[in-house]
Amino acid sequence: MAVLLQSILSGVLIGGVYALIGIGLTLIFGVMRVINFAQGELVMIGMYCTFFLFKLAGIDPFLSVVLTMPALFVLGAILQLSLIDRVLDALPQNQILLTIGIGLVLSNTAMLAFTSDYRILSTTYSSSSVALGSVRLSTPLLYCFLITSAITAALYWFLARTDTGHAIRATAQDRDAAQLMGVNVRNMGVLAFGLGSALAGAAGALIAPIYYIFPQVGGVFTLKAFVVVVLGGMGSIVGATLGGVLIGMSESLSAVYIGSGMKELCVYVIFLLVLLLKPSGLLGKSRM
Amino acid sequence: MILALLLAASVRIGIINSVTGAEAPIGETLSNGYKLAVEDLKKAGIEVDLVSEDDTGKPQISLSALEKLVTRDKVTGIVGPYSSSSANPTVKAAEKNKVPILIPTAAKEELTRMNYKYVFRIASPANGLASAGLDATLALGPAKKLAVVYENTDFGTSTAKTAKEYAAKHGLQLVADEAYSKGSPDYRSTLTQVKSAEPDVVFMVSYVADAILLIRQARELALSPKAFIGGGAGFSQPQFVAERDISEGILASTHWTKDSGWPGAKEFAERYQKRFNVDPPYHSACAYESLRIMAECAAKANNDREKTRACLREGKWDGIMGPVQFVDYDGFQNQNKHPVLVTQVQQGKVVTVYPKENAVAKPVYPFKWK
């Protein structure tokens with residue numbers, strides 16, 4: 001019983017981080033219909049920012065979220081204005097090539113700048129935990145999950161309650177209609193890509209203390225984010241949240257009950273099953 | 001006459017190493033070992049013309065590196081590659097091309113088990129790593145239940161396999177057998193499973209980054225066996241040891257330590273530390289000694305591959321890796337019967353605790369979280 005509870009708990013907590021990366025990806029896709037294959041590399045940049053802020057300035061990795069998010073927002077906005085914006089009307093495969101290219105440039109630049117060494121960020125609470133009966137709750141993972149939830153809640157509020165949020169959602173629903181209603185869709189694109197990147201940066205900052213950092217780390221997260229988004233339904237933010245937690249849990253449970261080496265296999269089997277039975281994803285609408 | 005000898009003593013050796021890619025951090029420690037070896041060989045009158053190839057940690061690139069070294073660069077002998085995965089196809093090609101290859105660190109047993117004539121290995125194969133580690137643990141106190149946790153790569157599975165065979169032979173009950181795929185941020189579920197089996201000894205095979213994550217998460221979950229023991233690779237490396245909260249008391253089997261008492265080991269460590277500002281891991285020592293032996297033989301053989309092979313086969317050395325001799329035993333061929341050491345992290349330092357003749361400190365037992 002303890003084993004079951006423990007693995008569900010770990011799964012949900014780690015799933016929260018997957019969800020955060022997925023939300024960034026789905027937001028960008030929703031507004032611009034571009035799949036950002038450089039999402040993982042943006043996470044990697046967030047991780048390096050956090051690492052160096054901690055090493056050089058002594059800023060706690062969880063506090064550094066407030067710095068990495070704006071930094072990545074700016075980076076995302078620049079990428080959108082200078083590169084992505086030019087291919088919005090191009091064929092999907094060209095857009096994919098562009099974002100994959102951006103990812104390659106980012107990871108190889110990081111390799112040149114920081115070498116391919118693995119870096120580990122250790123804080124005083126790196127391996128501490130809270131006991132809840134027979135279950136132990138990892139302290140860094142708990143902080144990570146709480147901040148993730150706060151950021152997700154703030155994003156929901158922003159999209160549901162503010163005018164700008166409404167405009168972003170309108171653009172996602174129908175680009176042309178939104179434009180006719182006086183929404184500046186180009187600006188919304190910049191905003192969405194900036195927000196998506198900022199979320200990736202936040203995820204990077206939150207993962208940095210519980211994982212290790214190296215230039216190729218992005219690939220792991222791009223793939224995971226993509227699965228999370230497709231599982232939840234492309235463009236659906238609630239779907240991405242759900243998808244993230246679901247992937248986290250199925251990884252964790254399959255590692256215990258099927259085999260540690262098989263957890264990826266189980267995740268993709270579930271993923272394929274969902275696609276077979278409900279091709280638009282769990283919460284996706286047919287067009288979205 | 002002397003001049004003629006000096007001129008003759010120029011040898012061409014190929015190196016295959018992981019200079020970039022995921023294995024690069026360890027690859028660099030091998031490169032450092034090679035650098036020091038070249039300097040010392042020069043002092044001894046052997047000019048080494050080193051041709052270095054980078055396999056980026058990928059077996060297929062290692063294989064084509066070997067082919068280039070053999071056909072285009074016409075090297076006399078090859079030292080490398082670093083990892084078991086890379087070495088596996090590479091030794092086959094070396095045998096086919098009849099070029100002597102000396103493997104410095106790769107532990108996969110089969111590498112020197114396939115009746116090859118041109119393949120030599122200085123480090124102990126995986127079974128040595130596992131059995132020395134478990135021997136040491138059993139010498140410390142009685143244990144009944146063993147858990148093995150390892151990455152599902154050539155190195156991980158082959159080391160874990162021998163640990164399991166050892167357990168069967170010595171009446172240890174195998175209560176958990178967990179192969180994980182490396183690079184996951186979360187091993188908690190695997191470790192929860194291990195914890196629920198209540199093992200006395202946890203034997204782990206991981207590289208350094210995963211080693212840190214695994215032990216961190218084991219501490220979070222309060223997995224508390226009587227001993228944690230790492231088979232080679234990550235668990236005695238400086239980066240791991242520097243994690244003071246989690247590294248204290250962890251045992252690890254290794255091929256080399258600076259306090260092993262082997263001739264020149266201490267001086268090598270001091271020189272290395274001065275030069276590269278970090279303590280040498282066993283990889284550096286294996287690399288250093290391998291290149292030294294290969295170059296010596298190549299010089300003696302006047303760059304003749306066949307004679308170099310014979311020299312490796314017949315020679316005997318006693319240097320920083322202790323006594324080295326390539327012999328056939330237990331189904332191995334051209335394998336150095338290397339005495340494996342067991343270390344423990346004590347007060348933030350790696351000290352040798354087993355076997356007795358090399359030990360400099362008493363092991364701390366049973367294991368307790370700091």
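**Exercise 1. Judge whether the overall dimensions of chain B agree with those of a compact globule.**

Solution. Chain B has 370 residues, for which a compact globule would have a radius of gyration near 21 Å, and the value of 20 Å for chain B therefore agrees; the radius is taken over C-alpha atoms, and the globule rule is 2.2 Å times the number of residues to the power 0.38. Along its principal axes, the C-alpha trace of chain B spans about 70 × 35 × 35 Å. The chain holds 13 helices and 16 strands, where helices (H or I, at least four residues) and strands (E, at least two) are DSSP runs numbered from the N terminus.

The model is a predicted one, in which local features need pLDDT of at least 70 and side-chain atom pairs count only at pLDDT 80 or more, while totals for chains, interfaces and linings use all residues. Residues are numbered from 1 along each chain as its sequence is written, and chains are lettered from A and ligands numbered from 1 in the order in which they are written.

**Exercise 2. State the confidence that the predictor assigns to chain B and to the complex.**

Solution. Chain B averages a pLDDT of 91, and 98% of its residues score at least 70; pLDDT is the predictor's confidence in each residue, from 0 to 100. For the complex, the predictor gives an ipTM of 0.83 and a pTM of 0.83.

**Exercise 3. Describe the side of chain A that touches chain B, by element and by residue class.**

Solution. Begin with the count: 28 residues of chain A are in contact with 30 residues of chain B, contact requiring that the C-beta atoms, placed from the backbone, lie within 7 Å. On the chain A side, the elements giving two or more residues are α1 (2-32), β3 (135-138) and α10 (237-257), and the largest share, six residues, comes from α1(A). Sorted by class, this side of chain A has twelve nonpolar, 13 polar and three charged residues, with Ala, Val, Leu, Ile, Met, Phe, Trp, Tyr, Cys and Pro counted as nonpolar, Asp, Glu, Lys and Arg as charged, and the others, Gly among them, as polar.

**Exercise 4. Characterise the packing of α12(B) against α13(B).**

Solution. Helix α12 (residues 282-300) and helix α13 (residues 305-314) of chain B pack at an angle of about 125 degrees, with their axes 8 Å apart; axes are lines fitted to C-alpha atoms, for helices over the stretch in contact, and angles run from 0 to 180 degrees between N-to-C directions. The angle makes α12(B) oblique to α13(B), since angles under 35 degrees count as roughly parallel, over 145 as roughly antiparallel, 65 to 115 as roughly perpendicular and the rest as oblique. The contact is made by B:Cys297, B:Ala298 and B:Lys300 of α12(B) together with B:Thr308, B:Cys311 and B:Leu312 of α13(B). By class, these residues are four nonpolar, one polar and one charged.

Notes. Two residues are in contact if their C-beta atoms, placed from the backbone, lie within 7 Å.
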